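Hi,

Here is the structure I promised to pass on.

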Amino acid sequence: LSVEMSCGICHETGTKAFLDAHSYHNSVRDELLPPERRILMRNGPRIPADDGSHMDCFLCHLSNPNHEARLSALAKGEPEWSVTATLVGSGLVERRADGFHWNGERVGEDGEAKVALGPVTEENCGACHGLVHDGTRPLFVSLGDHRHWTTEKTGQVFSPQRIRLSAMNLEGKDSLDLAWDVHAERLVSCGDCHYSRGRPQRLASADKAAEVQPTTDTRRRCASCHAVAGTHTWLPERERHFEAVACESCHVPELEMAAQQFVDATVMWPDGSPQVGYRGVVTGDVDNLVNAYIDGYRPLLRVGRSVQGRRQVLPYNLVTHWYWVDGDGKEPISPELVRRAWTDGSTFAADVLVAFDTDRDGRLASGELRLDGAAKVSLIKGRLEALGVKEPAVRGDIRAYHIHHNIRHGDQVNRRCEACHADKEEGSKGFDLAAYVPAGTRPVLMQKLREIELDGNLDIGVDGVLRLMPARDVSESYRALSGETE
């Protein structure tokens, strides 16, 4: 199915007017995206599609696009079928053992069919970016199923609902009488800030132009709607702080949701999923957040680059990834190949089970599925070599994710000076990166994804936990990187 041909019958997708209204995703720079997101951009919402990729209008204009089927087609190396897969479940298409088939009862003899399309909604945005929730139904987050990518990576939730009304077991839940995000509570939509070129003209008031730069694809920032004159009177050196500190650094002091801490793809469960660890979870498993006890986390404040390219203090979550690479070290070994190295079909291979089952109960628990010894590393390396991988090795990297949602206001805002100006005697506090270090491989910062300055050391504690230990507090780091002196 080619939506470029089908939709192009009525829509002139190559004209400036159409692109101004629909081409927000064209401003996204693929090289700044995490690797797992690039293929989704190349085969997805970009209009017009790049050479060799496929434009998918249904992602935004179908009320219930099938993202699971689409992702499955991409994972199987079938990008040409990813658009068709988006329609699975709509009644128009079904997937059988021999491929996709049209429903003859819904498709006329002339080859035409009706599809229920509509304007873009916040739910359409959330399907790719993170959990968007609206309504009276108690909010419940499902983690670990790849449905809410931004929520997985950062814990961000875009919802007007009061946190205490959610269906999850949160620490101090009864006292959390605030919305997940104040902008969602005030009925701000995704497109009000994440707009295409033509959008700001419609948002501008009659007597004042919108304070945006649509020709350069600059996203609307806080000052577009919020005037700071006469506010923040408690803050010393206000103008200096406004210049150095992004609004989110104080207005997102913590997130009440769990978020990924590390992804260990050097090991693999029989279903093909890696070992994933989460921060913000006291007890229980994220596979069932009804039973888990969640205390959330405070994001890491470090100096980075804002969306306008300015050096500022910003809140981040850091997710550490470990994975196998071949001798060239250019690309990770495919998850399917790693799965085959760990399993014999649908179960762990016999020699793998013997080597990793430390309590000898005949199964592998989460705490056993890790490369924590030379013999275990050698075993999996040998099995990869038997599958044709040359000189397999473990690599690790740290990926930084900006946090822009879950905005708070009033008494819920962070006013603690020590968040950036650490006590000299106590020093800067560490930020946990992982509960263990696979194969003893220390990760490196994946600098190209986000310009963040992690000036500090990676420390492995006596408990085996990998931590980032900043060499200086945030304020000192900002002054040093900006060339300032005391």
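Below is what I found in it.

It's a predicted model, so local features need pLDDT of at least 70 and side-chain atom pairs count only at pLDDT 80 or more, while totals for chains, interfaces and linings use all residues. Residues are numbered from 1 along each chain as its sequence is written, and side-chain values use heavy atoms, with hydrogens and water left out.

Start with strand 7 (residues 300-305), where five of the six residues are buried (under 20% relative accessible area; exposed is over 50%, partly exposed in between, with a 1.4 Å probe and protein chains only). Strands here are DSSP E runs of at least two residues, helices H or I runs of at least four, numbered from the N terminus. Strand 7 pairs with strand 8 (residues 311-325) in the antiparallel sense over six bridges; pairing takes at least two DSSP bridges.

Next, the largest nonpolar core: 38 residues, with Leu318 and Trp324 among those with the most contacts inside it. Such a core is a set of buried Ala, Val, Leu, Ile, Met, Phe, Trp, Tyr and Cys residues joined through side-chain atoms within 4.5 Å. Strand 8 gives the largest share, five residues.

There are also 19 salt bridges in the whole structure (a Lys or Arg side-chain nitrogen within 4 Å of an Asp or Glu carboxyl oxygen). Glu243 and Arg310 form one, with the closest N and O atoms 3.5 Å apart. Glu243 sits in helix 12 (residues 238-244) and Arg310 in the loop between strand 7 and strand 8, so this pair ties together parts 67 residues apart in sequence.

Cheers
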